[in-house]
Amino acid sequence: MAMQQKVHNKGHFRNQNVSTLGDYVRRNNMTWREQRFANRQHDLAWYQYLRRQADLPAQHGIPYGKRQPSTPANSDETGISKIDFASPPVTLTWLDLKAEAPPKDKGIKRTLTKAFCPWKEVGQPKMLLKGVSGIAKPGQLMAIMGASGAGKTTLLNILTQRRPGNLAVTGDVRVNGTKMGRHINRVSGYVQQEELFIPSMTPREHLYFHAMLRLNRDVTKDRRVARVNELLDFLNLKKVEKTVIGETGRIKGLSGGEKRRLLFASEVMTDPPLLFADEPTSGLDGSMAFVICDAMRKLCNQGKTIVCTIHQPSSEIFELFDTLYLLAEGRVAYFGSRKKAQDFFGSLGYNAPANYNLSDFYIQTLAILPFDREASLERVEHICDEYEKTPLYAQHVGEAEQYHTIDDDQTNTLSSVFNRSPKYKAGFFRQLTWLLWRSTIDTFRNPFELRLRLLISIVLSILFGLVFLRLEYNQQAFQNISAVIMVLIVNIAFSTVQKNADGINRQLPLVLKEHDDGIYRTLPYYIARMVLELPSCALSIFILGTIVYWMANLYDNTQHYFILQGILILCGIVSVSVGTLIGVSMPTPDAAAALIVPVVLPLFVFAGFFINAKTIPNWLIWLKYISWLYYGNEMGLINQWKDVTSIDCGTAPADACFKNGTDVLNYYGFKESNYNRNLGLLFAMFGGLQLISFIVLLLRMKFQRTVG
């Protein structure tokens, strides 16, 4: 009898002309009934699984095709056009997620504290999530809410697989029944809370860069440009499209609301079927916050799945959400329809006052008040316990479990159904081309980059030239002439190391984000940065060396002048490598800046000017051989003095007189025979440091886990 009923049900579906999963979903989902977008998809493996979940018969040979991009609609209900040709509607599920934060005093510090300070209390692990489950469906806008410390950001970081920190995480996250792992970015976008941009670019240039690297390879250039125009119109950014984005405290640019909308536009550029947003309204006024949430509402009306964390939304914004996911102390206090939440809390005796913002009421009810902590914890525990007893909880957990009953782990394979489209939508040379384009704009437009560097080079060179103006070749001036070369090398080293360490470290958060988004690989980014950095560094060094060389009356020979310029530039590019290595190794710009002096100063001391190379103690001799300043100083002095055949002794005794350049080189302990060796070692140091810097950056891209 049950079999007959099942056959009858399947026949009922066929009688209603249900031929694809999209037909079934549209008939059972209000937001899809108007057929706002076509449902034809590639024949993917997950298709048959979802048909079984819908109790539909397996079908083969259906003429699947690509969804055609629709034109931007004028109606406010449809939002932006759909351009993704391959992504299916997405159901996101998570089951029994637990997250434990390790104690702060872990490792050897914890061991020593317990051994030698038994009276001192050691830290304990903290459970941030305590077995939470949920499901986010196509066409639904889900809001994860809760008081501070409830676990909202932790949950979102685990769902997005975006560097969730050093948490011990257990549980299962799936997309349409598939374990995506780190590949979830191929079907999702992530609007993070931190606004990361190249400050010298305009909104149009920023979106153009993303359009060229994030859209599928079969999308034409005209369609990419049209997509940029569409997003500028959709998020009301047309009037500021040619205004630089700016950076607080450095470059005046867009307002906070405009930056937030631009960040949102960047993530919906690719029309992802799944979108995460971490407090997208943070720092915005009511009207700007509503613009962002209304945009998410329109995307859900197209069948997107959107999960966002949000803090104290207004009543208008609160009405835009379909589903609430309320967290308290790492547990689920309520998960279900927004409209039914009031009934649930009312059944427990928590009734909101009339005309009161319900979002504020829920958050305050679940908050842990510091002046009444015990009662607050008891109240939260009671609400969470009561929710877990409701049929609603069993229903949602049961729905999620259906997607976790099949063994479809695609986290470590490239053959999964979602991995058919490549992670990177652009090839290596296309990535390199557009990274060079962006870096060029940033270099020539940023007042703190090329222009300031050239201005400083001119000012310093004139100052040094005046200090060492027209030196004479006598016993009193030979040390000053040698000091000129050392001053040039040291100034180049410190300024270049500092600039590159600070510059690349400040840009790392943006690079990590864009790498996680699959915009470009590590290698083209690194090459593009070096291709722009090395010439600008060489230009500033050339200006500095030219002015000082002729003002200070160094050896009057054009060949010697160009050789010294080459030595200075070579020392400069080695300094670029040192600064890059420090920048990619340190966690913050402040840490990078603090490391510069301890690294460069000892190498400067052993460069052969302050300490004679012949008198360096054996146990410190290794510092001389890792100092590129030593090699550059020796080469520069050899170039300066090797052809000087006569130095005026004046009144100096004959036995204490330096008669020629060879005597000067012997005084410093330098040998002409070392010139070619030093040249080769400088090139080797440049190549070796560049390789090490790239490897460190590559490992950081892959393994760094930013605390979320």
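Author: This is a predicted model. Start with the record. UniProt, in an unreviewed entry, places the feature "transmembrane region" at residues 452–471, 530–550, 562–584, 591–611 and 679–699. Such annotations may be inferred rather than shown by experiment.

Take residues 452–471. The chain there is 80% helix and 0% strand. Now take residues 679–699. That stretch is 100% helix, with 0% strand. Its end C-alpha atoms lie 31 Å apart.

Leu 452, Leu 455, Ile 456 and Val 459 make a nonpolar surface patch. The patch covers about 340 Å². Val 459, one of its members, sits in helix 16, which runs over residues 447–467.

Next, look at the backbone elsewhere. Asp 96 belongs to strand 1, residues 92–101. Its phi is near 50°, a positive value in a residue other than glycine. Is Asp 96 buried, partly exposed or exposed? Its relative accessibility is 38%, so Asp 96 counts as partly exposed. The cut-offs are under 20% for buried and over 50% for exposed.

Asp 271 also has a positive phi, near 55°. Asp 271 is in a loop. That loop links helix 8 (256–268) and strand 6 (274–278). Its relative accessibility is 1%, so Asp 271 counts as buried.

Definitions and conventions:
Residues are numbered from 1 along each chain as its sequence is written. This is a predicted model: local features need pLDDT of at least 70, side-chain atom pairs count only at pLDDT 80 or more; totals for chains, interfaces and linings use all residues. Side-chain values use heavy atoms; hydrogens and water are left out. Patches are made of residues with over 30% relative accessible area and no salt bridge: like charges are joined within 9 Å, nonpolar side chains (Val, Leu, Ile, Met, Phe, Trp, Tyr) within 5 Å. Accessible areas come from the Shrake-Rupley method with a 1.4 Å probe; for residues, only the protein chains shown count as cover. A salt bridge is a side-chain nitrogen of Lys or Arg within 4 Å of a carboxyl oxygen of Asp or Glu. Helices (H or I, at least four residues) and strands (E, at least two) are DSSP runs, numbered from the N terminus. Buried means under 20% relative accessible area, exposed over 50%, partly exposed in between (1.4 Å probe, protein chains only).
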